[in-house]
Amino acid sequence: MKINVERVMSDLEILNTFNTTPENGCTRFSFTIEETRAKEYIIGEMKAIGMDVWFDGVGNLHGLLKGSGENKKIVMSGSHIDTVVNGGKYDGNLGVVGALEVARTLSKNEVKRYHDYQVSIFIEEEGPHFGTNLIGSKAFCKHFSTAQSKKLKDSNGNTMYEIMKEAGYNPEDIDTISFDPSRYKAMIELHIEQGRVLDSEKKSIGIVKGIVGLKWLKVMIKGESNHAGATPMRYRLDPVVDGCKLISNIPNIVKSMDDDSIVATVGKIELFPNQTNIIPKFLEFTIDLRGINEENLLTVIDIIESQLDELKDKGFYCEIEQIAEAKAVKSDLEILDIIEDSIKSKGYSFTNLYSGANHDTSILGEYIPSAMLFVPSVNGRSHCKEEFTTKADIKVGCQVLYDTICKLIK
Ligand SMILES: [Zn+2]
């Protein structure tokens with residue numbers, strides 16, 4: 001059975017009308033009138049095909065098509081409809097309307113459903129509204145509380161707690177959410193890639209093998225500050241000269257790991273005192289390190305530490321500190337096989353890749369066997385009004401999602 005791509009394109013256009021910046025991309029925060037209207041549209045579509053519809057305690061919207069199995073579980077798909085400021089109309093939204101289109105197609109055909117099929121729309125995935133992301137999926141998995149909603153504030157200083165109340169939700173219900181991972185058989189999220197791999201390699205779809213983990217490090221190298229004119233080169237302990245050698249060697253360390261999921265970025269460098277005629281006293285820089293394999297990330301850090309030890313031997317004082325961390329989530333191997341079979345049976349061009357960005361599946365995947373599907377972002381553009389995915393690729397993404405879910409709910 002084929003999904004109806006015209007319906008999906010129409011859904012995307014309709015959702016894009018619920019938008020506070022219609023002339024300049026799409027802006028839609030959770031608990032706003034635009035988001036409420038968008039959810040009303042989705043609820044209408046869910047009810048039209050007989051889905052049970054409900055909100056959970058944080059305002060995530062769920063729709064369920066019941067299966068008939070005695071020991072049935074839930075197969076889930078979905079994403080988010082909140083956006084960044086002046087974002088695109090595909091990020092998150094495609095995963096929601098794709099999951100909805102799967103439900104419509106399932107409701108019309110004779111595939112026997114043993115398991116339940118659940119479409120879920122998570123609030124506040126993006127982050128700019130309250131300065132933190134993935135709130136809906138965290139609350140769904142019991143990682144976000146009513147007390148936390150009282151601490152988060154929007155740019156006007158109103159708390160998430162107050163804003164939820166104003167929008168007609170009861171934030172006290174966040175703490176009453178119940179989550180039993182054993183009830184879930186699978187979660188599959190369709191999403192735009194937001195990078196340029198698929199578009200550059202002319203593939204219609206990407207199988208996401210995992211969402212990379214992240215470590216943020218802060219490195220400090222302290223040398224000896226002195227007069228730039230009066231200090232001969234042989235008497236210097238200049239943290240810039242040796243620190244920059246270390247920084248420029250980081251790509252070589254990453255390459256030596258033989259793990260193409262690893263990326264490392266030095267995005268912020270600070271010098272003290274940062275003056276033209278003074279040999280700096282210290283150099284400080286950050287490293288954003290990501291990869292799917294925790295052990296490999298730790299090895300990269302070990303190598304950097306050993307190079308810092310060499311600098312210590314030269315007389316420098318060095319420190320390295322981890323300032324943030326997110327765990328990697330590996331996709332479920334059985335689900336990946338089913339996805340690959342679905343793609344190959346239709347002859348679509350595909351590649352395997354990792355997600356460098358976080359998604360609702362980053363949270364859900366810790367508890368539920370999960371996988372993601374990526375469709376190409378033209379020129380790799382995302383989080384801007386230029387964000388675009390072709391209708392042909394959207395059709396492939398939704399069809400693979402449907403074929404995969406058909407196999408999972410049997
Ligand atoms: Zn997204």
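Helices (H or I, at least four residues) and strands (E, at least two) are DSSP runs, numbered from the N terminus. On that basis the protein has 12 helices and 16 strands. The model is predicted: local features need pLDDT of at least 70, side-chain atom pairs count only at pLDDT 80 or more, and totals for chains, interfaces and linings use all residues. Residue numbers start from 1 along each chain as its sequence is written.

**Overall dimensions and contacts**

- The C-alpha trace spans about 85 × 50 × 40 Å along its principal axes.
- Of the 410 residues, 46% are buried, a residue being buried if 20 or more other C-beta atoms lie within 10 Å of its own, exposed if 12 or fewer, and partly exposed in between, with C-beta atoms placed from the backbone.
- Among contacts (C-beta atoms, placed from the backbone, within 7 Å) with a separation of 6 or more, 77% join residues 24 or more positions apart.

**Nonpolar cores**

- A nonpolar core is a set of buried Ala, Val, Leu, Ile, Met, Phe, Trp, Tyr and Cys residues joined through C-beta atoms within 7 Å.
- The largest such core has 82 residues, and Ala186, Leu373, Leu401 and Ile405 have the most contacts inside it.
- Helix α12 (residues 391-409) gives the most to this core, with 10 residues.
- Beyond its neighbours within four places in sequence, Ile405 is in contact with Val75, Ser77, Val102, Tyr117 and Ile188.
- Another core, of 18 residues, lies apart from it and includes Leu217, Ile221, Leu289 and Cys318.

**Packing of α8 and α9**

- The axes of α8 (residues 239-255) and α9 (residues 294-313) come within 11 Å and cross at roughly 155°; axes are lines fitted to C-alpha atoms, for helices over the stretch in contact, with angles from 0 to 180 degrees between N-to-C directions.
- The two helices are therefore roughly antiparallel to each other, a term for angles over 145 degrees.
- Asp242, Leu246, Ile253 and Val254 in α8 meet Val300, Ile303, Ile304, Gln307 and Leu311 in α9.

**Backbone exceptions**

- Most residues other than glycine have a negative phi, and most peptide bonds are trans.
- The peptide bond from Phe272 to Pro273 is cis, with omega near 5°; Pro273 is placed in the loop between β10 (269-272) and β11 (278-279).
- Asn274, in the loop between β10 and β11, has a positive phi near 65° and is exposed, with 9 other C-beta atoms within 10 Å.
- His383, in the loop between β16 (370-375) and α12, has a positive phi near 55° and counts as partly exposed, with 17 C-beta neighbours inside 10 Å.

Methods
Angles under 35 degrees count as roughly parallel, over 145 as roughly antiparallel, 65 to 115 as roughly perpendicular and the rest as oblique. Two residues are in contact if their C-beta atoms, placed from the backbone, lie within 7 Å.
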